[in-house]
Amino acid sequence: MARCEINLVNSSADTARFIREQIPANGLFAGLDWRISPVPFPLGENMAKEIESLGRVLLQFYRAVNLLYRKSVEGRQPEWVARWLDLGKPHELIELQRSSAFKNEMPRVIRPDILLTENGFSITELDSVPGGIGLTAWLNQTYSKLNSSVLGNADGMIRGFESIFGDAKQVHIVVSEEAATYKPEMIWLSRQLGARFTVHDSRFNDFAGGGAVYRFFELFDLANVANAKRIFELATEKKIRVTPPPKPVFEEKMLFALLWNRNLQDFWLQELGEGFLARLKKLIPYTWLVDPAPLPPHAAIPELNLTDWQQLKTMSQKERDLILKVSGFSERAWGARGVFLGSDLSQADWSAAVGAALAGFDKSPFVLQRFEKPKTIKADWFDFEKNEMLPMKGRVRLCPYYFVSGEGDSARPQLGGVLATIVPADKKIVHGMVDAILAPCAV
């Protein structure tokens with residue numbers, strides 16, 4: 001795609017208007033809007049380099065997770081690893097995950113959620129079925145027209161997404177009703193890529209051999225995705241390729257709890273190497289799986305010094321710089337719907353959240369994570385009603401998108417772009433909302 005540059009416009013107001021005018025007629029998010037900044041979100045050179053190189057680390061982590069699960073199933077690693085990861089999953093999905101057809105398959109799009117804190121940055125989650133791919137591609141393309149040197153360049157997201165499907169003849173992007181908010185951005189993205197790419201809902205079934213499917217639906221939602229069974233059957237028979245693969249292990253937040261589990265440190269050291277392991281532990285907050293199984297009388301939960309998870313209910317508000325969130329395979333596992341910030345809740349509400357997490361362990365386990373408070377930054381956005389630029393103190397989440405192309409050990413991740421979500425400083429949890437500024441990142 002040729003880079004199209006526009007002469008610098010006369011003012012920030014003109015720039016903001018130009019950006020808004022580029023929004024596709026059908027939008028990018030169904031029924032959702034955001035605040036427009038006239039400039040990309042700036043990253044320091046060192047942070048940009050660190051984010052650029054992070055893809056290799058995260059891909060190796062996914063490879064190690066895949067191996068850990070398989071070895072646990074085979075009895076060559078602790079059995080509780082697979083037991084935990086299989087909690088609440090239907091038998092058919094567990095069989096699919098263990099199928100030889102998907103043995104070495106990893107997600108082809110890796111997106112961490114990164115919070116900027118006073119101590120650097122913190123990776124709070126990994127998303128293998130992320131929204132925002134088309135939006136970030138559009139942001140990169142649009143801001144590049146204004147001579148902004150965005151990370152990933154004007155077409156890095158578009159070419160990155162295209163690369164993950166190899167030589168597939170046709171690529172069908174299947175979007176569930178539950179993910180319909182993101183359908184407009186995928187339609188825009190497919191149009192940039194030409195006739196080889198098409199977008200469909202769950203009723204589409206015209207899949208041909210040699211093609212590929214991008215699965216834009218969560219595995220917990222399979223009952224509402226009519227063509228999911230057909231897609232997975234064809235992929236199992238190697239007639240088509242599907243990414244992300246139907247492996248719920250990659251949709252679990254408890255992977256971070258496994259990374260911190262001391263019983264698995266020798267495994268992580270062997271599979272990640274000392275450097276990658278140290279880097280992940282520096283960036284990922286300490287995470288626990290909230291398992292109600294009783295502890296021996298002399299034992300305690302590491303770091304918390306609790307001898308029973310029930311004691312978590314009685315911790316004071318000052319002690320509760322903790323996030324409790326559903327691990328995965330739940331309709332509440334995305335969009336901040338199953339997230340509870342301990343320091344922001346009353347004692348009664350916190351106790352109720354902990355109680356529900358413990359009671360639902362066998363069906364929908366929760367994780368507990370140290371809360372790294374995002375630092376405040378200054379940003380500007382253009383208010384089209386008031387016709388003026390407005391300053392905003394905010395908190396930032398960065399979402400880099402890494403696209404994995406190639407096969408087996410030769411597969412490599414490439415950074416396509418970085419989406420910055422800046423919410424007002426009084427918001428406790430950073431996620432997309434109408435009051436947020438959405439912008440690409442630049443050095």
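This is a predicted model: local features need pLDDT of at least 70, side-chain atom pairs count only at pLDDT 80 or more; totals for chains, interfaces and linings use all residues.

**Sheets, a hairpin and packed helices**

Four strands, in the order β5-β4-β6-β7, form an open sheet whose pairing is parallel. β5 (197–200) and β7 (241–243) stand at the edges with a single partner strand each, so one side of each of them has no neighbour in the sheet.

The antiparallel kind can be seen in strand β2 (residues 109–117) and strand β3 (residues 120–127), which are joined by seven bridges. P112 stands opposite L126 in β3, and the two strands β2 and β3 form a hairpin, with two residues between them.

A further open sheet of four strands has the order β8-β11-β9-β10, and here the pairing is antiparallel. Its edge strands are β8 (287–289) and β10 (339–341), each of which pairs on one side only, while the twist from one strand to the next averages 20 degrees. Strand β9 (residues 322–326) runs antiparallel to β10 and is joined to β10 by three bridges; in this pair, I323 has L341 of β10 as its bridge partner. Helix α11 (residues 347–359) packs on this sheet, where the helix touches β9, β10 and β11 (366–370), and the direction of α11 makes about 40 degrees with that of β9.

Helices can also pack against each other, and two packed helices are described by the angle between their axes and the distance between the axes. How do helix α2 (residues 45–74) and helix α10 (residues 265–283) lie relative to each other? Their axes come within 10 Å and cross at roughly 135 degrees, which means that α2 is oblique to α10. The crossing in which α2 passes α10 is left-handed. Among the residues that make the contact are L54, L58, F61 and L68 of α2, together with W268, L272, F276 and L280 of α10. Taken as a whole, the residues of the contact of α2 with α10 divide into 14 nonpolar, two polar and four charged.

Notes:
Residues are numbered from 1 along each chain as its sequence is written. Side-chain values use heavy atoms; hydrogens and water are left out. Axes are lines fitted to C-alpha atoms, for helices over the stretch in contact, and angles run from 0 to 180 degrees between N-to-C directions. Angles under 35 degrees count as roughly parallel, over 145 as roughly antiparallel, 65 to 115 as roughly perpendicular and the rest as oblique. A crossing is left-handed if the near helix is turned anticlockwise from the far one by less than a right angle, and right-handed if clockwise. Contact means heavy atoms within 4.5 Å. Ala, Val, Leu, Ile, Met, Phe, Trp, Tyr, Cys and Pro count as nonpolar, Asp, Glu, Lys and Arg as charged, and the others, Gly among them, as polar. Two strands pair if DSSP finds at least two bridges between them.
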